[in-house]
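Open the structure in your viewer and keep the selection panel handy. We will go from stop to stop, and at each one you will hear what to select and what is there.

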Amino acid sequence: MKFTVSRSIGTQQRLSRKIITQDKSIALVPTMGFLHQGHLSLIRRGLRKADIVVTSIFVNPAQFAPHEDFNQYPRDHKSDLQKIRSAGGQIVFMPKASDIYPVDYETYVTVENMTGALEGKSRPTHFRGVTTIVAQLFNIIRPDFALFGMKDYQQAMVLKKMCSDLNWPIKMIIVPTLREKDGLAMSSRNKYLSPLLRAEAPALYQSLLAARQSARRGETGAAAIRRQMKRLIDKAAPSGKIDYIAFTEMESLIPVRRVDKNTVVSLAVKLGPIRLIDNLKIA
Ligand code: AMP
């Protein structure tokens, strides 16, 4: 299929209908653009699963609180289109915010319990925006597969829950986090780290690795491991302000006091103005 950019909901609906009529499968990769290798790994994985990969680029206003970085969120559509094309993605859906959320818009999708902790605690309206836009994308694009990064672990679990609760016949695929050589999880926001903060940023992943090592050596107390992580971050990233370090059960995201092979450690740390998140399965 020829590389196509669809800029309106109607165009995308027609394209999807045509693909489905031809009995071809669709994989959806939702993004906010400013693409890096992590995003491209989702597209490549999608291409192994489905005939057509639709990548959406949409900086979703509904998932940013008024004080957050919606206006500053980095954008580079020209380079994004080139990257998607060379990764083999066939369709890019780039709707206008005023088409997705017209002035009289009033329908939101919420996943209730799983969105209260971790990111949801610091960003109370965030997941309602995420689930609403992904629900819209599912309805417009009608994918067979949808790919999400483990980097945003809670988001992936919340979306999996939404998909299963609402009975969308879509297979959710969670793709491992791609990292820079020094371990920092790739993120569009990394570009805003000053050289000093960029040098401190790998401390997040180092602390997650240290947590895993402790658990493997037999430490089961979440509080003890948290203290160890905090010490490491305070030392290696003195500019860092820890928002949370959380130990939760893998699927339900329920907090645990004792870690085991089903535990995920997640953290959010503010480095100067940039808030970074990361996570690791402890086993
Ligand atoms: P974003 O554009 O930040 O909303 O991310 C779009 C998708 O790419 C989400 O499913 C993210 O979890 C995923 N993603 C972001 N960073 C990475 C990464 N470093 N490795 C793998 N997937 C990622």
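The tour below starts at the ligand, moves through a loop and a helix pair, and ends at another loop.

Before you start, keep in mind that this is a predicted model.

**Stop 1: the ligand**

Now colour by secondary structure.

At Met32, a polar backbone atom is 2.9 Å from an oxygen atom of the ligand. At Leu178, a polar backbone atom is 2.9 Å from a ligand nitrogen. At Met186, a backbone N or O atom also lies 2.9 Å from a nitrogen atom of the ligand. Switch to a surface view if you like: of the 490 Å² of accessible area that the ligand has on its own, the protein covers 93%.

**Stop 2: His36**

Select His36, which sits in the loop between β2 and α2. Follow its side chain to the backbone nitrogen of Gly38, which the side chain reaches at 2.9 Å. Leaving aside residues up to four places away in sequence, His36 touches Met186, Ser187 and Ser188.

**Stop 3: α2 against α3**

Select residues 37-49 for α2 and residues 77-87 for α3; these helices pack at an angle of about 35°, with axes 10 Å apart. Is the crossing left-handed or right-handed? Helix α2 passes α3 in a right-handed crossing.

Show the side chains where the two helices meet. From α2 come Leu40, Ile43, Arg44 and Leu47, and from α3 come Lys83, Ile84 and Ala87. The residues of this contact divide into 5 nonpolar, no polar and 2 charged.

**Stop 4: Lys96**

Finally, select Lys96, in the loop between β4 (91-93) and α4 (97-100). Which residues does Lys96 touch, not counting those up to four places away in sequence? They are Arg7 and Phe58.

Methods
Residues numbered from 1 in each chain as written. Predicted model: local features only at pLDDT ≥ 70, side-chain atom pairs only at ≥ 80, totals over all residues. Heavy atoms only, no water. Axes fitted to C-alpha atoms, helices over the stretch in contact; angles between N-to-C directions. Helix = DSSP H or I, 4+ residues; strand = E, 2+ residues; numbered from the N terminus. Left-handed = near helix turned anticlockwise from the far one by under 90°. Contact = heavy atoms within 4.5 Å. Nonpolar A, V, L, I, M, F, W, Y, C, P; charged D, E, K, R; others polar. Polar contact = N/O pair within 3.5 Å; in protein donor to acceptor, adjacent residues only side chain to side chain. Areas by Shrake-Rupley, 256 points an atom, 1.4 Å probe, with all protein chains shown as cover.
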